[in-house]
Amino acid sequence: MDLTYGKEDIAFRQEVREFLAEHFPQQLADKARAEIRFKLDDYLLWQRILGDKGWIAPHWPVEYGGCGWTPVQLNIFDEEVTAVGAPRVMPFGIRLVGPVIYTYGTDAQKAQYLPRILASEDFWCQGFSEPGAGSDLASLRTSAVRDGDEYVVNGQKIWTSYAHYADLIFCLVRTDTTVKKQLGISFLLIDMKSPGVSVRPIRTLDGDHIVNEVFLENVRVPVENLVGEENKGWDYAKFLLSNERTGIAGIGMVKADLARLHHIALTERRNGQPLIDDPLFQARLARLEIDRRALELTNLRMLTTGGDSGAFPSILKIKGSQLQQRSVELQMEAVGPYALPWQSDAMEPAWNGEPVGPDHVRARTPVYFDRRKTTIYGGSTEVQKNIISKILLDV
Amino acid sequence: MDFSYSDEQRMLSESLEKLFAGHAGRNEDRAAADKLWQACAETGLIGLTVPEDHGGLSGGSADVMVAAIEIGRHGVNTPFLSTAVAGAGALRLAGTDAQQQSHLGRLAEGGLKVACAFAEPGARYDLADVDTRAIEDGDGYVLSGDKCVVFGGDDADLFVVSARAPDEARHGAEGISLFLVDAELAGITRKGYQMIDGRGGADVTFDNVRLPADALLGTQGQGYVTLEAVNDLAAAAICAEGLGALEKVVELTKEYLETRKQFGKAIGEFQALQHFFADMVVDYEHIKSLVFEAGAIADSADVVERQQAVSAAKVVLAEDGRRICQQAIQMHGGIGVTQEYQLGDFTKRVAVADFAFGDADHHIARYGRHMVAAAAARVAQNG
C-alpha cells in the first residue's frame, strides 16, 4: 500500500504541465477565467492542438493512435488539462463512437473514420435518446428499413448535444420489430447533411443551446454505414455506455469548481470578514472538499485495482455527478443576493453589455441550473442504482 | 499508487481472520477474553507497532489498519486500540530508551495494558483543554485531576496522562506534559464501564497521586504534539474498525434482501430497497478509500497531510457510516432492532467509531482550518 504518486507519474505530470504552459492558447485561458461559453471554433482550436501533439485520444490502443499511458497517467492528464480551464474534448468521436468503430467496425470504416476523428475533421453527435426512450433506451422506435443497398431511416432523436455542429451522427435504430426489444436494434452512422435530417434547438434552464431534437425523415443511409452486425446494436451500445460512465465522475471539473469556490469565498464577506472564515460556510465547504477527496481516491482505487466489482463506474458516476452539482450550488450560495440578477447572456462571447456585480457572480445561477443535467445524462442516478443492485444483489 | 495489501499485510489479515473466527465480542467472559488477548500476543498483534528491538514487528499505521479492519469485521473486543495503538504509540513517540525498555517488551507480550487518559469532563474532544495538574514535588510530581471516557481504562495497568503545571490557564497547547502513571498507585479511583459496543472504558480520578521523576513522558510542557499524534493514530485505527464493521453491515443487508420474502418475492426485488442498498454501497466505497488513506499516512511526519487525511476519514465514517447503519436497520425491519441479531453489534461498533477521538463536527472544523490556511497560502503566493 502506497498512496503516493510514483516517480514516473510525477515526471509525467510535469511533462503535461510544460506542454500546457507552452501550447494552451491564452485566448482560451482568458475565456475560461471569465466564464465565457466556448463555441465550436474554441473546441476545434484546442482539439487540433492536442491532435498535433498526438494526445487527442490517449486512452485508445496505441495501434489506433492512443498514447499507451497507464490509467493513473490518463487521470493525471485529465486533471491537468481541466485545471488550466481547457475546453472539454468532445466525447462523441473520441470517447464514444471511436472505440465502437475500432472494436466492431470494418477495416474500411476504421480507415474512413478514425483518422478524421483524431484530426477533429468530423464533429460527431450521439443519436440514442428518443422522446419515448429515455432511461428505457431499448424501447427506441426510430426505424431503419432495408431497401437495396440502403437503409431508409425514419424517427426522432432528442437531447442530442451539439447536433447543430455535427457532421455525423451515430444512431441506434430499430431493424427488427418482431423480437425482444434489445434484439432488434442496429448501430448506424449517418451523415448529418443527408436529405431528410433536420435539427431543432432546445434551450436549457441556463439559457444555453447545447442540446437539440434531430428529425430523420426518409433518410437514405448506405448499408456500409452499419457498424458490426444487424440487430446487434444493443451490445455495442452497452459497450459504448460503459465507456461513457468511466471518466464521467468529472473529478477534474469538481476540482476546478472548488478552486473557483475558494476564490469566491475569500472575496465575498459575511459579518465583515471573508466568507471562508464564517464557521457555517467553512464547515459546508470542508465537507465538500472531503467528498472531493473521497471521490478522487475512489477513482484512483478503481483505476489501480480494477475496483472490487463491476459496479464501480456507476458508483463513481453517482457520487461525481452529485458533487458537480453541490460545488456549483455552494458557489451560487456564496454570492448571496448577487445570485438573483439573471446574466446568462453575459456568458456569450458576442455580448457587449454592462455586467451587474463583481465578475465572479455572473455565471453562478446559470451554471447551477445547467448542472442539474449531470444526474440525468449518461444514465440517471436512478438507472445507476438499478445497475449497482443488479450487479451486487442476487435476487 | 497502490491500494492493495502487501504480502505481509495479506498474511496478517488472514491470520487474524483465523484467530477471531468464533469469537463473539459481547458474549465473552473474562477468561475467554484473557485467552484471546494472549493469542493476540502470540500472533504479534499487540506488538504490531512495537520496534523489533523490543520484541515487536515494527509495523506502521497501514498495518494497524489491516488489523483493525479484521477486529471490526469480527466484532471482537480486545484492548488492541488502547494498548497496541495508542499506548504503544505514546511510548514509541515520546518515551526515553529506558521507558521503552521497561514497557514496550511487556506490552508486546500481552503483559502490560496501557490506556491513554487525555480527555476531561467538559473538554469534549479538545486535547488542549487540560485541567489536570502536576505539581513538581522534590524529585517527582503530585498529580490531581479528572479524566473521562478512557479507552481501556477499566483494566489498564498503566495510564498515559496529560497534565499541566498548577499556575497555567487550563486551555492551550503550550505547557502540557505527559506522565506514565502506574494504575496501582495510591490516589487513583476508576469507575469502569462498558461502552456502546461492549468494550471497556473508565472515568479516572487522580487525587494527589505521587509520581517519580521518571514518570515524565517526553519533554516537560511540550506534550501536545504527542497527544495529537497519538489521537490521530487512534482515530485512524478506529475508523478502520468501523470500516470492517460496515463491511459486515452491508454484507448482512445483502443477505437479508436476498433471502427475506414478502408479497411472494425476495424483498431485494423491490426497487425502493434496491436503491437504498445502492446508496449504502456508494457511501461504503467512498468511506473505504478515505479510511485507507488515513491508515496509510496516520504515522506520517507531515502533520498537515496526516491531520487532513485522518479528519476526512473520521468525518465520512461518522456521518455516512451512521447513515449506512440506519438504512441497514430500516431494511431489516423488526429483526434489525432486536438485541439478538448480530446486525446491532456491528452498528454499535460503528457508533463507537463515530464518537471516539473526535466526532464529525470536531474533524470538519479541523479540516476546515487546514483548508483555509492552504487557501490563504495560495493567495499569498499568487498575489
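**Figure 1. Loop residue W159(A).** W159(A) lies in the loop that joins β3 (150-158) to β4 (168-174) of chain A; helices (H or I, at least four residues) and strands (E, at least two) are DSSP runs, numbered from the N terminus. The model is predicted: local features need pLDDT of at least 70 and side-chain atom pairs pLDDT 80 or more, while totals for chains, interfaces and linings use all residues. Residues are numbered from 1 along each chain as its sequence is written, and chains are lettered from A and ligands numbered from 1 in the order in which they are written. Phi of W159(A) is positive, near 60°, in a residue other than glycine. W159(A) counts as buried because it has 22 C-beta neighbours inside 10 Å; buried requires 20 or more other C-beta atoms within 10 Å, exposed 12 or fewer, and partly exposed falls in between, with C-beta atoms placed from the backbone.

**Figure 2. Strand residue N218(A).** N218(A) belongs to strand β7 (residues 209-222) of chain A. Its phi is about 50°, positive although N218(A) is not a glycine. With 11 other C-beta atoms within 10 Å, N218(A) is exposed.

**Figure 3. The chain B side of the contact with chain A.** The contact takes 40 residues from chain A and 37 residues from chain B, where contact means C-beta atoms, placed from the backbone, within 7 Å. On the chain B side, two or more residues each come from α6 (224-259), α7 (271-297), α8 (303-332) and α10 (360-382). The largest share, 12 residues, is given by α7(B).

Notes. Two residues are in contact if their C-beta atoms, placed from the backbone, lie within 7 Å.
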